[in-house]
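Please examine the model shown below.

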Amino acid sequence: SSFTNSTSSISTHLTRRGYGTESVPERKVAVLGAAGGIGQPLALLMKLNPLVSRLALYDIAGTPGVAADISHINSRSEVAGYMGEEQLGQALEGSDVVIIPAGVPRKPGMTRDDLFNINAGIVKSLCTAISKYCPNALVNMISNPVNSTVPIAAEVFKKAGTYDEKKLFGVTTLDVVRAKTFYAGKGKIPVADVNVPVVGGHAGITILPLFSQATPKSNLSDEEIVALTKRTQDGGTEVVEAKAGKGSATLSMAYAGAIFADACLKGLNGVSDVVECSFVQSSITELPFFASKVKLGKNGVEEVLGLGPLSDYERQGLELLIPELKASIEKGVKFANQN
Ligand code: NAD
Ligand code: LMR
């Protein structure tokens with residue numbers, strides 16, 4: 001499956017030259033927050049993706065420069081910059097995939113939930129525009145707190161009458177990217193071969209890597225698995241502290257966002273067996289949204305895959321995360337319905 005090969009697929013794209021575009025459908029991708037720390041390198045990676053024919057870069061400021069710069073790259077997509085609310089509709093119109101890395105990042109000492117007050121409103125207004133200008137697009141939500149911003153988006157779409165649960169995704173790919181890297185490092189396994197599903201949500205203990213299902217197998221001790229789990233859960237904080245006030249993960253996030261958007265595009269284009277972990281509407285637990293492996297297809301989510309067998313430690317982690325994730329989901333739903 002492409003879950004197995006997802007990390008290497010983007011580098012294949014990046015190194016492939018002289019690809020033909022005849023058989024590749026036209027696809028428009030919009031990046032909202034495109035002048036930001038994630039937005040710029042993500043825009044670059046999307047410009048390098050041959051599945052994209054049009055790239056719309058939207059932000060409240062700075063996008064003309066980013067768009068002019070990226071547009072000089074001799075790859076397939078046409079690039080256009082859009083700035084300010086009056087150009088948001090044009091940026092979104094005709095989009096197949098909308099990626100949202102708009103909003104403020106953490107500083108040391110903050111939780112992702114501390115971003116709620118600012119980012120909830122940003123996400124709400126962007127999603128209102130999506131429901132108006134490209135209601136059929138797949139939405140890739142990066143803005144934090146993802147555990148709440150995805151439910152906010154769902155509520156906005158429901159109110160507008162455009163909600164399709166198959167088309168809304170919280171991007172948790174960075175958790176998978178980290179789990180793979182840390183597992184490969186600890187187990188001394190070639191990282192390109194490694195796969196680790198990560199389920200739950202995208203904040204602290206709600207991030208649950210399933211190292212018992214990691215491939216290839218390694219003989220790590222229980223203590224090592226606990227340490228790897230904690231490092232994956234705290235991966236974002238590790239970067240926030242190292243950046244010491246200058247924001248959170250941007251480059252690794254751009255990479256992860258590009259992998260996930262590529263998977264969405266492949267699914268839309270009818271490639272079979274495209275599987276990535278994502279935070280989606282779900283019935284595999286008691287919670288209305290949950291991250292797990294998801295099969296992507298022509299209409300977005302084709303199937304939400306189950307959790308598979310869990311170790312005792314993972315089952316315990318699952319029980320512990322449910323109340324926190326539930327509260328974050330409810331906070332998002334409440335915000336969307338009150339404001
Ligand atoms: P940043 O401050 O560098 O960039 C954010 C951009 O959003 C800025 O350019 C800003 O102008 C823009 N923006 C603000 N309001 C907007 C609006 N209404 N419409 C369009 N654009 C708007 O921040 P960053 O480091 O790029 O992080 C962005 C978000 O992504 C943060 O919320 C961060 O927590 C989140 N994040 C999520 C993950 C994840 O794994 N899901 C990983 C890293 C960061
Ligand atoms: C991450 O996981 O790096 C992001 O969610 C950003 C953060 O605040 O940690």
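A244 lies in the loop between α9 and α10, where helices (H or I, at least four residues) and strands (E, at least two) are DSSP runs numbered from the N terminus. The phi angle of A244 is near 50 degrees, a positive value in a residue other than glycine. A244 has 9 other C-beta atoms within 10 Å and is therefore exposed; the classes are buried for 20 or more other C-beta atoms within 10 Å of a residue's own, exposed for 12 or fewer, and partly exposed in between, with C-beta atoms placed from the backbone. This is a predicted model, in which local features need pLDDT of at least 70 and side-chain atom pairs count only at pLDDT 80 or more, while totals for chains, interfaces and linings use all residues. Residues are numbered from 1 along each chain as its sequence is written, and chains are lettered from A and ligands numbered from 1 in the order in which they are written.

A positive phi, near 55 degrees, also occurs at D273, in the loop between α10 and β9 (274-281). D273 counts as partly exposed because it has 15 C-beta neighbours inside 10 Å.

Two peptide bonds are cis. One joins N144 and P145, with omega about -5 degrees, and P145 belongs to the loop between β5 (138-141) and α6. The other runs from T215 to P216, with omega near -15 degrees; P216 is in the loop between β8 (207-209) and α8 (222-233).

Two packed helices are described by the angle between their axes and the distance between the axes. For helix α6 (residues 146-160) and helix α11 (residues 312-338), the axes come within 7 Å and cross at roughly 40 degrees. Axes here are lines fitted to C-alpha atoms, for helices over the stretch in contact, and angles run from 0 to 180 degrees between N-to-C directions. Contacts (C-beta atoms, placed from the backbone, within 7 Å) involve residues including I152 and V156 in α6 and L325, I329 and F335 in α11. The residues of this contact divide into eight nonpolar, six polar and two charged; Ala, Val, Leu, Ile, Met, Phe, Trp, Tyr, Cys and Pro count as nonpolar, Asp, Glu, Lys and Arg as charged, and the others, Gly among them, as polar.

Helix α2 (residues 39-47) packs on α10 at an angle of about 40 degrees, with the axes 8 Å apart. P41, L42, L45 and M46 of α2 meet L251, A254, Y255, G257, A258 and A261 of α10. This contact has nine nonpolar, one polar and no charged residues.

Of the 32 residues around ligand 1, G33, G36, G37, I38 and N144 come nearest, a residue being near if its C-beta atom, placed from the backbone, lies within 6 Å. Helix α5 (residues 116-133) gives the most to that shell, with three residues. Around ligand 2 are residues including R106, R112 and N144, and helix α9 (residues 235-243) supplies the largest share, four residues.

Methods
Contact = placed C-beta atoms within 7 Å.
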